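Take a moment to turn the model before reading on, and keep the sequence beside it. The paragraphs below then go from one part to the next.

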Amino acid sequence: VGSEMCIRDRPYADMPRTSGFNVTPVADIYRSAELAAEFGFQMAIQGIGDRAARELLDIYEEVQDANPEMSDFRWRIEHCQVIHPEDQVRFSELGVIASVRGIFATSDGPWVVSRLGEERTRERGYPNHSLFESGAVVVNGTDPPVEDIDPIDNFYRSVSRMMENGERFFPEQAMTRQEALASYTTNPAFAAFEEDQKGSITPGKLADITLLSGDILTVPEEEIPNLEVLHTIIGGEVRFSKEG
């Protein structure tokens, strides 16, 4: 079940007449959440602004409280780009999965401050590391065709916050390498209720393995974008091997 909200709790710094907009009415999103709970579907809604995240968390909390017989919703908010600090901790408290796009911080970075202002950007903008520290389950992706699907480049952007102009976008919110790895492996498996089959190289799980040309956790940061896929194994079968 999906929808979208793009609103913020205060007007844009460069456009004070607006706080964004809803693509889908809040009442419709609430009703969708009720139906998802009734029929056992997962909710996954785009909530890009701080007010959008708060309203979605409020809806999720109310619907979850109304269905105490269900203890494991694993509902998501997509993008999670601007989130008030008070709401960042609610992801863990409510068991809501934070679905981020690590690369968005670096592609949006050159213009975000002009839209939100320096203070609000520092406090709420693309708080990927803070979400991890709060105990939230964070999953990562690139939202193609908005950004290239390349997971290696997204991993690099997630841990470096390096923009094309050579500057880092609020690097204190960069994921650690272990966090970025989890956001692509164990956490997505958990989000899909498939943690017993995927997400880690463990006996009994599917042998889905990618072998890279270097250790993505230890190579110098600037070398991460140059890592290459040498082999791809799906279900124990080699599906790709780099020539030579």
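**From a helix to a pocket**

Val89 is partly exposed, because its relative accessible area is 36%, a value that lies between the 20% limit for buried and the 50% limit for exposed. The model in which this value was computed is a predicted one. Val89 belongs to helix H3, and although Val89 and Ser130 are 41 residues apart in sequence, their C-alpha atoms are 8.7 Å apart in space.

Gln88 also has its place in helix H3, which covers residues 85-94. Is Gln88 buried or exposed? With a relative accessibility of 7%, Gln88 counts as buried, because the limit for that word is under 20%. If its neighbours within four places in sequence are left aside, Gln88 is in contact with Ile83, Glu123, Arg124, Pro127, Ser130, Leu131 and Ser134.

We can turn next to the backbone, where some angles deserve a careful look. His79, which lies in strand E3 (residues 76-79), has a phi near 85°, a positive value in a residue other than glycine. The relative accessibility of His79 is 4%, so His79 counts as buried. Arg161, in the loop between H7 and H8, likewise has a positive phi without being glycine, here near 55°, and with a relative accessible area of 0% Arg161 is buried. Another backbone feature is the peptide bond that leads from Pro144 to Pro145, which is cis, with omega near 10°; Pro145 is part of the loop between strand E5 (138-140) and H7.

The next stop is a sheet. Three strands form an open sheet in the order E6-E7-E8, and their pairing is antiparallel. Which strands stand at the edges? They are E6 and strand E8 (237-241), and each has a single partner strand, so one side of each is left without a neighbour in the sheet. From one strand to the next, the twist averages 20°.

The bridges let us follow this pairing residue by residue. E6 and E7 run antiparallel and are joined by four bridges; Thr210 has Thr232 in E7 as its bridge partner, while Leu211 has His231 in E7. E7 and E8, which also run antiparallel, are joined by four bridges as well, and the partner of Thr232 in E8 is Phe240.

Finally, we come to the empty space. Rolling a probe the size of a water molecule over the atoms shows where such space is left. The largest pocket has a volume of about 970 Å³, and of the 28 residues that line this pocket, the closest to its centre are Leu181, Tyr184, Thr185, Asp208 and Thr210. Which helices and strands each supply at least two residues of the lining? They are helix H7 (151-160), helix H8 (177-184), helix H9 (186-191), strand E6 (209-212) and strand E7 (229-234). By kind, the residues of the lining divide into 17 nonpolar, eight polar and three charged.

Key. Residues are numbered from 1 along each chain as its sequence is written. This is a predicted model: local features need pLDDT of at least 70, side-chain atom pairs count only at pLDDT 80 or more; totals for chains, interfaces and linings use all residues. Side-chain values use heavy atoms; hydrogens and water are left out. On a 1 Å grid over the protein atoms alone, a cavity is a set of points where a 1.4 Å probe fits but cannot get out, and a pocket is an open set with protein on both sides within 12 Å along at least five of seven lines; lining residues have an atom within 4 Å of a point. Grid points are joined across faces, edges and corners, and a volume is the space filled by probe spheres set on the points. Ala, Val, Leu, Ile, Met, Phe, Trp, Tyr, Cys and Pro count as nonpolar, Asp, Glu, Lys and Arg as charged, and the others, Gly among them, as polar. Buried means under 20% relative accessible area, exposed over 50%, partly exposed in between (1.4 Å probe, protein chains only). Contact means heavy atoms within 4.5 Å. Two strands pair if DSSP finds at least two bridges between them. Axes are lines fitted to C-alpha atoms, for helices over the stretch in contact, and angles run from 0 to 180 degrees between N-to-C directions.
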